[in-house]
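Good morning, and thank you for joining.

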Amino acid sequence: MLNFKNITLRRGVKVLFANSSFTIHKSQKVGFTGANGAGKSSLFAMVRNEIHPDEGVFSMPPNLEIAHVAQETPAIGRPAIEYVIDGDTELRQLQIELVAAETANDGLKQAELHAILEVIGGYTAQARAARLMDGLGFTPDQEQNAVSSFSGGWRMRLNLAQALMCRSDVLLLDEPTNHLDLDAVIWLQEWLCKYPGTLLLISHDRDFLDTITDHIVHIEQNKAEIYTGNYSAFEKMRSEKLAQQQSAYLKQQREIAHIQSFVDRFKAQATKARQAQSRIKALERMELIALAHVDSPFDFSFPALGRMPNPLLKLDKVDVGYGDKTVIKNVNLSIAPGDRIGLLGPNGAGKSSLIKILAGDMIAKTGVRLDAEALKIGYFAQHQLEQLRLDESPLWHLQQLNKQASEKDLRNFLGGFDFQGDKVLEAVKPFSGGEKARLVLAMLVYQSPNLLLLDEPTNHLDLEMRHALSVALQDFQGAMVVVSHDRHLLRSVTDQLLLVADGKVQNFDGDLDDYRNWLNENKRNEEKTTPIESATVSRKDQRKLDADRRQRHKPLFDASKKAELAVEKYHQEQQQLVQKLSDPSIYEESEKIRLKELLDRKVKVDKALEMAEMAWLEAEEMLELAK
């Protein structure tokens, strides 16, 4: 277990959090939340022994294998799949020792090393690495490409795959979804739910946190506290706590006013002076309860738009592509005021290309684009963060949009995006990714568009800003087209889903859960036959081959299915127990026996789930090896 006892962490003279104590037990999946700069990443650095607490004690069992995602990727010519396998450091060390034993003709040592390789799954490492790369969006023909040939975002995916490749006891993930599309987020979510070790996860993706985590550590007002349950359970408990805090504060204020009134009335009267003095001392001793500051630092909205043309934009028989390659054919799309469209589709299917066509950043290969005369597009994409003038301030950027606006009005507007005081005059260069994204969004909102085109707008934004953006978009009167891996945002602001896949754009009749099922079914269909089998055997023979394969692997399939059902059963019971234990009433004196029963049962279920997960992973590896 990871034990944090009275921990205080500082960054320079700033206290991140102080006197905080909590324990993370084996196999728990813990989400870390709090505003940017609250200390989440510093806490991870402490777990990795890169920094030490300024006060208090952090302890954990010796020899734990801790995995995390490297922030830098060397520009090397090493094949991508070999770079991913490097994440299994024990495997690489055994391979080095095996080469030495072979060179020395030490047969006994070779046999010993081969036995260890068998135990740790060394002979399935290539298949494991390939599955990780496939899940994160790499194609089979990219496995042998040099690491240096990939762009920055794809290198971060390689680093993530390398961390997942490590057979770790503790896995630290800091915003792992930032460089992923929705397909990869869904795959990673399912992988992490099956991960048997202890997971520490920093994320601003509500759905991601909700599905994976069973505890939340929230850092706020220089305090780190742990809550039982997922993110939704944490929000409920925190709101109840803040409501109680607010009630106590108001009660205390009434008491203070009453005492002060007595002091003011009687401190000049000799007969009452002693009582007045005692009340003054009581006021001094009283520990004031801080008002619960639950208001978000963000407060902005899109301006009213008035009358808009219909349609705002229309694509007629448009083909989308680059050079000689056509990605999407025959797109017919009419966007009217009030349309709220979410784009879904596998990586590389053309979602961002379609957004660029709509934004005018790309020219259609064929077809007609019709713009309404009063069309005003607001386009957000990650590359726009790189187009900010790094030597200029947020105030300067808005002044370029409206040179007639007063500095006071622009400061007030920027304040809604939490650019306060001198921050509006600081150069953009040292800003974090989240601050730059907020500035680009502020510029977009300020221009009052009637068609919003948003390509991954929530990357780098914290939960408070994501919530504020979601609220603002719900009230937006114009039309919008959104590509996002943030499912909470998609659910909140879109009411029509379009599927971009197989070279087409068509309506998707279903919700995001249906899309996840579509992805899984699509992947299964792709894996049913290999290109060689398809090219060399008839359909009848292929069916026979498939039947023979299923029969040959039936015991392994059955073992895997049985283990998977056990995992689902225990995971469901674990979530039910967590929910019951998050109910404040269970900790009342009258519920002592019931509480003990629940805690005892949770210990047993946690252990059973751990064993079931191990059995499932083992069965899956055996099945993969057999294939």
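Predicted model: local features only at pLDDT ≥ 70, side-chain atom pairs only at ≥ 80, totals over all residues.

Residues are numbered from 1 along each chain as its sequence is written, and side-chain values use heavy atoms, with hydrogens and water left out.

Let me start with the whole protein. The secondary structure comprises 21 helices and 18 strands; helices (H or I, at least four residues) and strands (E, at least two) are DSSP runs, numbered from the N terminus. Of the 627 residues, 44% are buried. Here buried means under 20% relative accessible area, exposed means over 50%, and partly exposed lies in between, with a 1.4 Å probe and protein chains only. The accessible surface comes to about 32,600 Å², and carbon and sulfur atoms hold 50% of that surface; these areas come from the Shrake-Rupley method with a 1.4 Å probe, and for residues only the protein chains shown count as cover. As for contacts (heavy atoms within 4.5 Å), take those between residues at least 6 apart in sequence: 68% of them join residues at least 24 apart.

I turn to the interior. A nonpolar core is a set of buried Ala, Val, Leu, Ile, Met, Phe, Trp, Tyr and Cys residues joined through side-chain atoms within 4.5 Å. Which residues have the most contacts inside the largest nonpolar core? They are Phe-300, Leu-315, Leu-343, Leu-344 and Leu-473, in a core of 79 residues. Helix H14 (residues 433–446) gives the largest share of this core, eight residues. Another core lies apart from it, with 52 residues, including Ala-130, Leu-136, Leu-171 and Leu-180.

Leaving aside residues up to four places away in sequence, its contacts include Leu-182, Lys-351, Leu-490 and Phe-508.

Next, the cavities. The method uses a 1 Å grid over the protein atoms alone: a cavity is a set of points where a 1.4 Å probe fits but cannot get out, and lining residues have an atom within 4 Å of a point. Grid points are joined across faces, edges and corners, and a volume is the space filled by probe spheres set on the points. The structure holds two cavities of 30 Å³ or more.

The largest cavity holds about 80 Å³ of space. Its lining consists of Arg-206, Leu-463, Arg-466, His-467, Ser-470, Asp-486, His-488 and Leu-489. Helix H15 (463–474) and helix H16 (487–493) are the elements that give two or more residues to this lining, and H15 provides the largest share, four residues. By type, the lining has two nonpolar, three polar and three charged residues. In this scheme Ala, Val, Leu, Ile, Met, Phe, Trp, Tyr, Cys and Pro count as nonpolar, Asp, Glu, Lys and Arg as charged, and the others, Gly among them, as polar.

The second largest cavity holds about 40 Å³. Among the residues that line it are Leu-182, Leu-343, Leu-344 and Lys-351. Its lining divides into four nonpolar, three polar and three charged residues.

Lys-351 leads us to helix H11 (residues 351–359), which is largely enclosed by the rest of the structure because seven of its nine residues are buried. Lys-351 is itself one of the buried residues, together with Ser-353, Leu-354, Ile-355, Ile-357, Leu-358 and Ala-359. Gly-360 follows H11 and has a positive phi, near 85 degrees.

Helix H1 (residues 40–47) is mostly covered, with seven of its eight residues buried. Just after H1, Asn-49 has a positive phi of about 65 degrees.

Finally, the loops. Most residues other than glycine have a negative phi, and most peptide bonds are trans. Where is Asn-63 placed? Asn-63 sits in the loop between strand S4 (55–59) and strand S5 (66–68). Its phi is positive, near 65 degrees, and Asn-63 is exposed at 77% relative accessible area. Asp-502, in the loop between strand S17 (496–501) and strand S18 (504–507), has a positive phi near 55 degrees. The peptide bond from Asn-310 to Pro-311 is cis, with omega near 0 degrees, and Pro-311 lies in the loop between helix H10 (273–285) and strand S10 (313–322).

Note on methods. 1 Å grid on protein atoms, 1.4 Å probe; cavity = no way out; pocket = protein on both sides within 12 Å on 5 of 7 lines; lining within 4 Å.
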